[in-house]
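Good morning, and thank you for coming. I would like to take you through one structure, sheet by sheet and helix by helix. Please look at the sequence and the model first.

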Amino acid sequence: MELIYKSTRNSNETATASMAILKGLANEGGLFVPDSIPSLDVSLEELSKMDYREVAYSIMKLMLTDFTEEELKYCINSAYDKKFDTDEIAPLVKKNGAYYLELFHGATIAFKDMALSILPYLLTTSAKKNNVKNEIVILTATSGDTGKAALAGFADVPGTKIIVFYPKNGVSPIQEKQMVTQKGDNTFVVGITGNFDDAQTGVKKMFSDVELNKYLADNGYQFSSANSINIGRLVPQMVYYAYAYSRLVASGEIKVGDKINVVVPTGNFGNILAAYYVREMGIPINKFICASNENKVLFDFFTTGSYDRNRQFILTTSPSMDILISSNLERLIYRIAGNDATKNKELMSELNSNGKYTITDEMKKNLVDFYGNYASEAETSATIKKVYESDNYIMDTHTAVAAAVYDKYVADTGDKTPTVIASTASPYKFTRSVMNSIDANYDKQTDFELVDELNRLSNVKVPQAIEDIRTAPVRHNTVCDKEDMLKEVKNFLGI
Ligand SMILES: *Cc1c(COP(=O)(O)O)cnc(C)c1O
């Protein structure tokens, strides 16, 4: 049966999976959501005998029903290959009373690779299926990790160009170096004088600018999105929660049917939403533990039912979670409103005009399986140090936010359910913050000296992604005002 996607803001706007992937965003700022989520057609037992690619196929075929088996397997096999430094793709590591699902073994050492290594294949396959002749322009705002992962995924992919905007002063030095050294004639990287929300707002504006889109089409281009609003990113992210469950069964840590909790360090709400979607397929998940850093807009939302972005934006050591407008939350709002596009649209327009909205008590009841909390900067760095000392395991700052929140959850609830913590980045990506957490005296060394020191402490090989940027020349040095993003896009496209 064909799965249809609908806009969260207009139930009359529908699309097949491939059309939704191509478009990225629905009209009027809506997001595409599946009309319903099919149940798994393999047993959990069968799943536990599969490798990553087989699990990926079992999940994705149910969500991307207009792809043929051959197309989908081509996409999966092209994505999850030697670009990952382990055959397991997403290893599950037991440390400090939890299972860390390491999602950072891809080309750019952050969990974004899990989706962005397959998105270019899904997108170009979708273009072919829909007879698209225009060149596809990927337009992306990044808080640091999406940008590099998207650049790596799309570099030199025929029929595509990619433009990435990042907050000039809002990403880690290694994140910035990774982006500005990107190769590929079809890539363009621009720093903006503003924060991530400014970049994201500017990008969304260009997407929904009807005249601009027509002008692009006249010149043989069309926009698409590599941000986590694209269902082509959400669907591949469902896979690793099913895979984690299957590994726990395979290793005898749990029995088939036992429930698990998941803890997700959250920014734009894509990763945790994927877990929520995969539970509807039949993966037994008990609680969704949403971990925020000091930008705790989601913690406040889960505790009060009010979403309020009117607050100071805080730059933290977990920059990929420095977000006040959590885009994918809209998909959950739509769902807890009973798939009600009218209600959702009303709340989103309040968010747009007043920066806040409050859900009804009825909607709030549908959030019982979510638990939100946050970790301060001090708690985050103390967690890195603590787990290093107890388990000789060094985690990155984002993962540490999740680990700190998990400790609070256990203290609050006493819940002993086996728990998977999404480990979203390699510590090598945030070396300075990680090393400073272990010892403040590391502050005096250069980034690459710290890389070598981290290698010495952790005994974990320095990833290729880091080795690559030690000497790579800067290829992108454009910086613009947040008002001038459109000008830069036109400039790059020569239109
Ligand atoms: C993007 C990112 C997050 C946040 O994920 P969302 O899907 O936006 O909630 C967390 N950690 C890291 C390292 C990231 O790159």
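Predicted model: local features only at pLDDT ≥ 70, side-chain atom pairs only at ≥ 80, totals over all residues.

Let us begin with strand S11 (residues 285-292), which is joined to strand S14 by five bridges, the two strands running parallel. Within this pairing, Cys-290 has Gly-372 of S14 as its bridge partner. Two strands pair if DSSP finds at least two bridges between them.

Residues are numbered from 1 along each chain as its sequence is written, and side-chain values use heavy atoms, with hydrogens and water left out.

To which sheet do S11 and S14 belong? They are part of an open sheet of six strands with mixed pairing, in the order S4-S5-S15-S10-S11-S14. At its edges are strand S4 (92-95) and strand S14 (370-374), each of which pairs on one side only. From one strand to the next, the twist averages 25°. For such angles, axes are lines fitted to C-alpha atoms, for helices over the stretch in contact, and the angles run from 0 to 180 degrees between N-to-C directions.

Helix H12 lies across strand S10 (260-265), S11, S14 and strand S15 (419-423) of this sheet, and runs at about 170° to S11. H12 (residues 270-281) also meets helix H11 (residues 231-250): their axes come within 8 Å and cross at roughly 65°. H11 and H12 are therefore roughly perpendicular to each other, a label given to angles of 65 to 115 degrees; angles under 35 count as roughly parallel, over 145 as roughly antiparallel, and the rest as oblique.

Which residues make the contact between H11 and H12? Among them are Leu-234, Met-238 and Tyr-241 of H11, together with Leu-273, Tyr-277 and Met-281 of H12. Contact here means heavy atoms within 4.5 Å. By class, the contact of H11 with H12 has eleven nonpolar, three polar and no charged residues. In this scheme Ala, Val, Leu, Ile, Met, Phe, Trp, Tyr, Cys and Pro count as nonpolar, Asp, Glu, Lys and Arg as charged, and the others, Gly among them, as polar.

A further helix pair is formed by helix H20 (residues 447-458) and helix H21 (residues 464-471), whose axes come within 11 Å and cross at roughly 150°. That angle makes H20 roughly antiparallel to H21. H20 passes H21 in a left-handed crossing. Here Phe-448, Val-451 and Asp-452 of H20 meet Ile-466, Ile-469 and Arg-470 of H21. By class, this contact has four nonpolar, no polar and two charged residues.

I now turn to the five-stranded sheet. This open sheet has the order S9-S6-S7-S8-S16, with parallel pairing. Strand S9 (221-224) and strand S16 (478-481) are the edge strands, each pairing on one side only. The twist averages 30° from one strand to the next. Inside the sheet, strand S6 (residues 135-141) runs parallel to strand S7 (residues 160-167), and six bridges join them. Leu-139 stands opposite Ile-163 in S7.

Two helices lie on this sheet. Helix H7 (residues 145-154) packs on the sheet and touches S6, S7 and strand S8 (187-193), its direction making about 165° with that of S7. Helix H22 (residues 485-493) lies across S6, S7, S8, S9 and S16, at about 150° to S7.

S1 and S2 form a hairpin with two residues between them. Three bridges join S1 to strand S2 (residues 10-15), and the two run antiparallel. Lys-6 has Thr-14 as its bridge partner in S2.

What does the side chain of Lys-6 meet in a salt bridge? The partner is Asp-35, at 3.4 Å, N to O. Asp-35 lies in the loop between strand S3 (32-34) and helix H2 (44-47) and Lys-6 in strand S1 (residues 5-7), so the pair ties together parts that are 29 residues apart in sequence. A salt bridge is a side-chain nitrogen of Lys or Arg within 4 Å of a carboxyl oxygen of Asp or Glu. A search of the whole structure finds 28 salt bridges.

Key: Helix = DSSP H or I, 4+ residues; strand = E, 2+ residues; numbered from the N terminus. Left-handed = near helix turned anticlockwise from the far one by under 90°.
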